[in-house]
Amino acid sequence: MNFSFRKRIATRFMLATALIILLVFGTVYFIVRQTIYANLDKDLLFESYKHLTEVKLTTNSIRFVNAKEMEEIEHLEVQVNPVFIQIVDRHGKLLAKSPNLKGQHLIFQKEQPNEVPFNTHLNQRNIRQVQVPIKRNGILKGYVAAAMSIDASLTVLSNLGMILVILFPIILIGLFFITSFLAGKSIIPVVTIGETTNRITRNNLNERVMLPTSKDELYDLSDSINSLLERIQDAMQREQQFTSDASHELRTPLSVLRGTLEVLIRKPRSQEEYKSKIQCCLKEIDRMTLIIDQLLEIARFDTNPELNATSSVEIDLLLTEILTHRHPDIVTKELHVIKNNYNDQSVAIHRFYGRLILDNILGNAIKYSRNGGQIIIRSFLDKDGLNCEITDSGIGIRPEDVPQLFNPFFRSDALDHKDIKGTGLGLSIAQKAASAIGAIITISSELGKGTSVNIHFKEILRKS
């Protein structure tokens with residue numbers, strides 16, 4: 001059977017309370033019972049010892065000294081809870097008894113410990129009895145047995161037990177309904193949160209959960225849900241923007257390809273025209289290939305951020321490899337590259353991610369540098385790790401565009417630099433690679449003067 005959350009709370013609270021009430025009721029009953037028996041036993045022992053002093057031993061018998069007085073008390077006084085007294089010899093044979101026993105006598109139970117009260121019966125009535133030995137000079141002569149009715153005490157205990165048994169389910173049922181009501185009141189904010197989140201869909205991410213006035217656990221839950229919705233909304237917006245930008249970037253080379261091929265088939269062309277148009281198509285195909293490769297690279301980070309993160313390489317060697325790979329572009333633009341290494345030791349970084357970061361940033365530095373300009377590469381250690389700073393003397397970036405540089409497909413003043421080919425994915429890939437190894441990329445730039453990019457590697461390996 002499926003219970004609502006409110007009823008589950010009420011049921012669990014009721015069960016916990018039931019155990020506590022059961023313990024309390026049991027304790028109360030035990031204390032009352034022990035108190036009653038303690039008072040009875042105290043009175044019995046008192047009467048036993050009192051009559052023990054009133055016993056006279058003869059050669060062949062034991063009797064009460066004041067037997068006549070006991071008979072007078074029996075006739076003159078009304079005893080609400082009379083005490084029955086009798087004397088037996090050491091074998092249990094009756095020698096004397098109090099007048100109030102009349103034709104009855106207490107049953108001597110030799111197996112019972114001396115001076116320890118116990119329950120028994122007298123003429124079908126419940127009594128409490130104790131047996132005190134009579135000794136003279138250390139020799140056992142007989143026993144004084146004292147008894148008292150306990151019917152009234154047992155009735156009290158029975159009534160108390162009945163009341164507790166009846167009250168127990170009544171209290172539990174009452175607690176269940178009260179707890180259920182209070183739990184319903186308590187979970188109203190949770191219900192409100194559920195109703196609000198149910199209204200939130202892919203097309204309606206602007207709604208937020210109302211924060212409670214008191215800063216308790218529900219406040220933290222509501223705030224966490226709102227933070228989650230903020231992240232989801234941001235991710236959705238970035239996904240939509242990414243999809244839109246990717247579609248636009250891929251549509252452009254496809255349109256060029258289609259237009260070029262349509263022109264070619266309209267009429268016969270010369271071999272030179274065919275060659276020129278085919279080369280144009282190949283460039284656009286190369287552009288599409290680059291975009292797709294970079295998109296796949298970004299996807300690899302999203303699905304497996306730890307990919308190839310174990311192999312390392314010395315940063316100086318890695319920079320040399322990248323510059324060698326970029327050498328044709330450097331020569332074409334007649335750039336002067338200055339590489340300064342201020343490290344006392346050779347420092348190694350992750351090969352896979354380090355190459356992605358440095359290659360993309362160096363590629364941008366080469367791409368956006370003016371012909372004949374210079375690129376300065378500095379690497380140095382500080383107390384927190386390794387810094388690699390790449391500075392160019394290129395076209396620079398507007399200050400308001402710097403925070404957006406890591407967004408996929410974003411290019412600052414792209415229309416003003418149509419001659420500079422690019423996809424706007426390089427820095428996005430570099431940023432994801434940096435995040436994978438805990439590196440930090442910082443960009444500073446001045447429009448028209450150049451850009452400086454600092455990569456701070458926290459995770460490094462020193463090799464002597």
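Me: Tyr 143 comes with a relative accessible area. Where are the cut-offs for buried and exposed?

Reply: Buried means under 20% relative accessible area, exposed means over 50%, and partly exposed lies in between, using a 1.4 Å probe and protein chains only. Tyr 143 has 7%, so this residue is buried. This is a predicted model: local features need pLDDT of at least 70, side-chain atom pairs count only at pLDDT 80 or more, and totals for chains, interfaces and linings use all residues. Residues are numbered from 1 along each chain as its sequence is written, and side-chain values use heavy atoms, leaving out hydrogens and water.

Me: Which parts of the model have the lowest and highest confidence?

Reply: Read pLDDT, the predictor's confidence in each residue, from 0 to 100. The protein averages 80, and 83% of its residues score at least 70. Helices (H or I, at least four residues) and strands (E, at least two) are DSSP runs, numbered from the N terminus. Helix α2 (residues 67-76) is lowest, with a mean of 51. Strand β14 (residues 450-457) is highest, at 91. Over residues 74-78 pLDDT stays under 50. For that stretch the model has 4 contacts (heavy atoms within 4.5 Å) beyond four places in sequence.

Me: How do I read an aromatic pair, and how many are there?

Reply: A pair of aromatic rings is described by the distance of the centres and the angle of the planes. Rings of Phe, Tyr and Trp (its six-membered ring) pair if their centres lie within 6.5 Å; planes under 30 degrees apart are stacked, over 60 edge-to-face, and the rest tilted. The whole structure holds 2 such pairs. In one, the ring centres of Phe 108 and Tyr 143 are 4.8 Å apart and the planes stand at 40 degrees, so the pair is tilted. Phe 108 sits in the loop between β4 (94-97) and β5 (118-122), and Tyr 143 in strand β7 (residues 139-149), so the pair ties together parts 35 residues apart in sequence. Phe 108 is buried too, at 17%. Next come Phe 176 and Phe 177: centres 5.7 Å apart, planes at 80 degrees, so edge-to-face. Phe 177 is exposed, at 58%.

Me: What does the span of helix α3 tell me?

Reply: Compare it with the expected span, 1.5 Å times one less than the number of residues. Helix α3 (residues 151-186) has 36 residues and reaches 51 Å from first C-alpha to last, close to the expected 52 Å. Its buried residues include Leu 157, Leu 160, Leu 164, Leu 172 and Leu 175. Among the elements covering the buried residues of α3 are α1 (5-52) and α4 (188-199).
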